[in-house]
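Some labels in a structural description rest on a stated criterion. The questions below ask what stands behind them.

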Amino acid sequence: MAEDGERYFKATFPGKFGFSVILVPGGLPDLTEATPLEYMERLLLQNTIFGDTVLLEGVAQEAGGTVIVTSQPHITGGAVSQEEIFDFMDRLWFRPLQCLQLGRPGSLAFYRDLDEVTAFDAHPGNFVKDTEGIVLPIDLILLRAGDELQKALAPFLAG
Amino acid sequence: MLTEAFLGVLSRPRLNARLTFRTLHAILCQMKPAVYLTDPAQMRKARLNQPRVSLEQARRQRELLQRASEKFSQDAKRGTFSRGRVSKAA
């Protein structure tokens with residue numbers, strides 16, 4: 001964290017750029033390691049949809065591979081409940097993907113058809129309710145679903 | 001009697017008073033009614049108007065969120081979610 005207490009600095013593990021979602025044989029979605037471009041798109045979606053200000057601070061080449069360094073404002077507050085996650089996503093027109101869990105055990109997944117964005121790994125560690133009660137996501141796995149992934153996700157959408 | 005209790009509170013070591021306040025603050029944060037912003041510009045404004053915190057406060061907040069996540073996962077494994085999720089290890 002920066003000494004001014006305002007922003008977090010985050011470095012990817014060398015050669016790793018978080019996770020994305022692909023279709024595995026059998027047509028089911030599953031997590032896979034993301035490419036640097038997918039990681040950057042995820043951060044861009046976080047800024048665009050959730051009003052974040054994630055900044056690309058730099059790229060380093062280490063022995064184990066490339067490292068991407070970003071910064072993000074610190075949100076002061078506490079944990080959200082499961083209901084608050086559902087309510088927040090619902091108000092942004094994200095529909096829950098029932099029975100689809102990718103990431104941390106119990107984590108929730110959502111899809112928004114207006115811009116074909118999917119959000120995975122929704123759990124209390126990836127949200128903060130700030131001191132005013134404002135619910136803010138901080139680190140969801142976000143991606144735009146292509147045609148094949150949209151078809152694969154359709155059965156998981158609640159009726 | 002009340003005066004004695006009041007003086008008792010005042011005479012406690014300051015460290016205890018701080019811890020009590022912080023614990024209370026964390027509880028009040030969680031009890032506060034949730035506010036759901038839908039405009040990214042409003043969310044950005046909220047993100048950029050956060051109170052500054054010390055490294056220690058930030059560390060304790062990370063721990064709090066970590067514990068909340070662990071409980072969330074444990075509840076999922078036990079199948080005690082109220083809105084029905086199916087567990088599948090990632």
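Q: How do you know how far to trust chain B of this predicted model?
A: pLDDT is the predictor's confidence on a scale from 0 to 100. Chain B has a mean of 72, and 53% of its residues reach 70 or more.

Q: Where in chain B is confidence lowest, and where is it highest?
A: Helix α1(B), residues 2–11, has the lowest confidence, with a mean of 50. The highest is in α3(B), at 97. Over residues 82–90 of chain B, pLDDT stays under 50; for this stretch the model has 21 contacts beyond four places in sequence.

Q: What scores does the predictor give the complex?
A: The ipTM is 0.91 and the pTM is 0.81.

Q: What makes a residue part of the contact between chain A and chain B?
A: Two residues are in contact if their C-beta atoms lie within 7 Å. The contact takes 43 residues from chain A and 43 residues from chain B. On the side of chain B that touches chain A, two or more residues come from each of α2 (14–31), α3 (40–47) and α4 (55–78) of chain B. α4(B) gives the most, with twelve residues. By class, this side of chain B has 25 nonpolar, nine polar and nine charged residues.

Q: Why are β10(A) and β11(A) called paired?
A: Pairing needs at least two bridges. Three bridges join β10(A), residues 127–130, to β11(A), so the two strands count as paired. They run antiparallel, and A:Phe127 stands opposite A:Pro137 in β11(A).

Q: What makes β6(A) and β11(A) edge strands?
A: The open sheet has the order β6-β10-β11 in chain A, with antiparallel pairing. β6 (77–78) and β11 (135–137) of chain A each pair on one side only.

Terms used. Residues numbered from 1 in each chain as written. Chains lettered and ligands numbered in written order. Predicted model: local features only at pLDDT ≥ 70, side-chain atom pairs only at ≥ 80, totals over all residues. Helix = DSSP H or I, 4+ residues; strand = E, 2+ residues; numbered from the N terminus. Nonpolar A, V, L, I, M, F, W, Y, C, P; charged D, E, K, R; others polar.
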